[in-house]
Amino acid sequence: MKKQGWMALVAGALVSMGCGEEPLEEARARPVVERYAALVNENYTDAVAKARALQTAVNVFVADPTEAKLTAARSAWLASRPAYGQSEPFRFYGGPIDDEDTGPEGRINAWPLDEAYIDAVEGAPAAGIINATDSYAQLDEELLKSLNERDGETNIATGYHAIEFLLWGQDQSETGPGNRPASDFVDGGTAPNAARRRTYLKLATDLLVKDLESVQAQWAPGGDNYAKRFVALDVEEAVQRILTGMGSLSGAELSGERMTVAYDNKDQEDEHSCFSDSTLADLYANAVGIQNVYLGRYGGQDGAGLDELVAQVDPALDRKMKEQLQASLDAIQAIPGPFDQAILGADNSPGRQKVKAAVEALKAQTETLVDVATALGIELNLE
């Protein structure tokens with residue numbers, strides 16, 4: 001979502017089953033809740049590790065800006081994205097990532113980003129915080145935090161996409177990503193205020209790591225934290241939150257904000273990772289994350305998932321859900337890259353047809369997620 005405040009999407013109360021087997025019987029549902037908490041921790045731990053690798057690459061680059069070290073930093077950014085993308089089903093219910101008061105999600109992954117808010121752009125060589133030496137004489141973490149989302153939804157100052165813009169620059173190519181030269185970061189090089197650009201990149205990266213670590217700590221096992229409170233919830237409440245995260249990401253966010261808006265507007269500014277041309281990888285990671293939660297797995301770890309609860313009460317629905325989750329992944333993979341070119345042209349162009357097919361697959365899986373909730377005795381009303 002462009003602004004990532006969590007929304008109360010679940011309007012319905014828990015619905016008790018009439019008779020027959022209890023779909024959320026404690027002995028079967030509790031392990032699913034516990035596995036979910038463990039999975040979240042595994043995912044965020046991976047995201048933190050990848051962000052620290054990005055931090056290392058950025059530190060090496062800003063200490064000695066060369067093209068080779070810029071390429072390495074870009075590769076580290078790309079490598080860091082899948083783990084975070086897979087974590088996004090853990091949002092939308094006011095958890096540690098998007099608690100309305102303390103959640104750092106808006107500093108981590110907000111978009112779309114007005115690049116002129118940060119740095120010079122084509123036709124505006126003096127634009128951005130980096131070049132505003134009078135208004136912001138000293139760049140530091142508190143300043144970037146205070147400027148993030150100030151006075152406008154696209155005034156994004158921090159997070160993955162701010163770092164992405166600094167590493168790649170504007171994407172002016174029809175066939176590839178942005179191509180900012182490393183010399184933009186060299187004193188006396190191709191752009192003024194190179195030292196401030198280096199400082200900004202390092203500050204934004206350090207803050208990203210710090211914010212991700214704060215979220216991971218809330219899901220770490222054995223602590224007096226959100227994970228402890230989550231696994232102690234009534235199983236109905238816990239499963240409701242799990243399904244809210246999955247359904248909200250699948251529907252309003254992924255098929256809606258991240259794909260349909262770009263499809264309708266045919267505008268590069270509406271794609272998620274527009275500077276690096278890695279939007280398709282973002283979309284795929286989000287869909288994998290939803291599948292992970294349903295199956296109770298992350299990476300090489302596997303355990304009790306929602307699929308086991310659903311199979312107990314409606315085996316055909318479980319099979320349908322699994323098939324649709326895979327169909328969505330396949331549909332996203334079928335979109336020809338880059339995404340900003342796939343959304344262009346007539347509606348019968350191959351790229352737009354593939355994008356539309358992926359949107360429809362995600363909508364179908366979202367509807368089935370609502371059916372899954374109903375089968376488990378939970379009413380979901382998703383936007």
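Predicted model: local features only at pLDDT ≥ 70, side-chain atom pairs only at ≥ 80, totals over all residues.
**Entry 1: cavities**

Rolling a probe the size of a water molecule over the atoms shows where empty space is left. I found that the structure holds 2 cavities of 30 Å³ or more.

**Entry 2: the largest cavity**

I noted a volume of about 50 Å³ for the largest cavity. I then asked which residues line the largest cavity. The lining consists of Trp111, Pro112, Leu113, His161, Glu164, Glu269, Glu271, His272, Cys274 and Phe275. Sorting this lining by class, I recorded 5 nonpolar, 2 polar and 3 charged residues.

**Entry 3: the second largest cavity**

The second largest cavity contains about 40 Å³ of space. I listed its lining as Val32, Arg35, Tyr36, Leu39, Ile242, Val293, Gly296, Ala304, Gly305 and Leu306. Helix H1, residues 26-63, supplies the largest share of this lining, with 4 residues. By class, I recorded 7 nonpolar, 2 polar and 1 charged residues for the second largest cavity.

**Entry 4: asparagine 179**

I turned next to a single residue. Asparagine 179 is located in the loop that runs between helix H5 (160-168) and helix H6 (194-219). Is asparagine 179 buried or exposed? I classed asparagine 179 as exposed because its relative accessible area is 65%, and exposed means over 50%.

I also looked up its surroundings. Setting aside neighbours within four places in sequence, I found asparagine 179 in contact with Arg74, Trp168 and Gln170.

Notes: Residues numbered from 1 in each chain as written. Heavy atoms only, no water. 1 Å grid on protein atoms, 1.4 Å probe; cavity = no way out; pocket = protein on both sides within 12 Å on 5 of 7 lines; lining within 4 Å. Points joined across faces, edges and corners; volume = space filled by probe spheres on them. Nonpolar A, V, L, I, M, F, W, Y, C, P; charged D, E, K, R; others polar. Helix = DSSP H or I, 4+ residues; strand = E, 2+ residues; numbered from the N terminus. Buried < 20%, exposed > 50% of the residue type's maximum accessible area, 1.4 Å probe, protein only. Contact = heavy atoms within 4.5 Å.
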